[in-house]
Amino acid sequence: MDPNIDGFPEQITDGHNGLLYDPAPGALTAGLRRALTLTSDERARLRTAAHRKVVAERNAAEHLAALLAAFWQPRTTPVATLQGHPATDARTPRSQAPTSTHHPLEATP
């Protein structure tokens, strides 16, 4: 059971391959009650659907093979992205720390 925010809605379809709850006061308690009242068959169905989705969409062996192939295949131009993956430099750059300070960072006796 996960909150219905961030990346969870893209991975989980509520009631099909997992359970989501709204991130509002009291919603976690209601979500836990919902999860605890599932039958064995319902839990098995959720597990099976979750496993199928992971195998179909997030196969680590397939992605590892693509990454390794990118390193070993001769290329005339550098690889910026792997198929279906963001560029490695897609993060927002952080500000740089100052190169020097005018004051000592710690006092010495």
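## The model

This is a predicted model, where local features need pLDDT of at least 70, side-chain atom pairs count only at pLDDT 80 or more, and totals for chains, interfaces and linings use all residues. Residues are numbered from 1 along each chain as its sequence is written, and side-chain values use heavy atoms, with hydrogens and water left out.

## The chain

The chain has four helices and two strands. Their order along the sequence is β-α-β-α-α-α. Helices (H or I, at least four residues) and strands (E, at least two) are DSSP runs, numbered from the N terminus.

The chain has 109 residues, and 13% of them count as buried. Buried means under 20% relative accessible area, with a 1.4 Å probe and protein chains only. The accessible surface comes to about 9,500 Å² (Shrake-Rupley method, 1.4 Å probe). Carbon and sulfur atoms hold 57% of that surface.

Contact means heavy atoms within 4.5 Å. Take the contacts between residues at least 6 apart in sequence: 32% of these join residues at least 24 apart.

## Asn-17

Where is Asn-17 found? Asn-17 sits in the loop between α1 (8-11) and β2 (20-21). Asn-17 counts as buried because its relative accessibility is 8%.

The Asn-17 side chain reaches two backbone atoms: the oxygen of Gln-11 at 3.2 Å and the nitrogen of Thr-13 at 2.6 Å. Leaving out residues up to four places away in sequence, Asn-17 touches Gln-11, Ile-12, Leu-46, Ala-49, Ala-50 and Lys-53.

How values were computed. Buried means under 20% relative accessible area, exposed over 50%, partly exposed in between (1.4 Å probe, protein chains only). A polar contact is a pair of N or O atoms within 3.5 Å; within protein, one must be able to donate a hydrogen and the other to accept it, and residues adjacent in sequence count only if both atoms are side-chain atoms.
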